[in-house]
Amino acid sequence: MGRMATKKQPEFVLEAERAKTRPPKLYMVILLNDDFTPMDFVVIVLQKFFSLDREQATRVMLQVHREGRGVCGVFPKDIAATKVEQVSAFARQHQHPLACVMEEN
């Protein structure tokens, strides 16, 4: 029997192109001190919106009180913005001037 000739295909090596995705920018959510919001209310806010236990919440509250500001947590932009809005609305609802802001980390 005759031998069949085989054509060799040119070899192509396909390399997976890696998408260069960067982790999202993170933002600090910060409470600002004022002379009117009760310390207990700040502790409640920290527990309710940032899932801190009473001891952690008290530590952050004292930082806000002593240093004028305290970091509640670090989050991607959309989550940080939501937390700022939730805290601000909750404070207004309870007639407290507690200010909550976000800054790029």
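User: How many salt bridges does the structure hold?

Analyst: This is a predicted model, and its side-chain atom pairs count only at pLDDT 80 or more. A pair qualifies as a salt bridge when a side-chain nitrogen of Lys or Arg lies within 4 Å of a carboxyl oxygen of Asp or Glu. The number of salt bridges that the structure holds is four.

User: How many residues apart in sequence are the parts that K25 and E104 tie together?

Analyst: K25 counts as exposed at 54% relative accessibility, whereas E104, with a relative accessible area of 46%, is partly exposed. K25 lies in the segment before β1 and E104 lies in strand β3, so the parts that this pair ties together are separated in sequence by 79 residues.

User: Which strands are tied together by the salt bridge between E103 and R69?

Analyst: The side chains of E103 and R69 meet at 3.0 Å, N to O. Both are partly exposed, E103 at 30% relative accessibility and R69 with a relative accessible area of 34%. The pair ties together parts that are 34 residues apart in sequence, because its two members lie in strands β3 and β2.

User: About how many helical turns separate R59 and E55?

Analyst: The side chains of R59 and E55 also meet in a salt bridge, at 2.8 Å, N to O. An α-helix has 3.6 residues a turn, so residues three or four places apart point the same way. R59 and E55 are four residues apart in helix α2, which means that their separation is about one helical turn.

User: Which element supplies the largest share of the largest nonpolar core?

Analyst: The largest nonpolar core has 24 residues, and those touching the most other members are V29, L31, V45, L46, F50, V87 and L98. At least two residues of this core come from each of β1, α1, α2, β2 and α3. The largest share, seven residues, is supplied by α1.

User: What is the distance between the end C-alpha atoms of α1?

Analyst: Several residues of α1 are buried, including F41, V42 and L46, and what covers the buried residues of this helix includes β1, α2, β2 and α3. Its 12 residues, at 1.5 Å a residue, should span 16 Å, and this agrees with the distance between its end C-alpha atoms, which is 16 Å.

Methods: Residues numbered from 1 in each chain as written. Predicted model: local features only at pLDDT ≥ 70, side-chain atom pairs only at ≥ 80, totals over all residues. Heavy atoms only, no water. Core = buried A, V, L, I, M, F, W, Y, C linked by side-chain atoms within 4.5 Å. Buried < 20%, exposed > 50% of the residue type's maximum accessible area, 1.4 Å probe, protein only. Expected span 1.5 Å × (residues − 1). Contact = heavy atoms within 4.5 Å.
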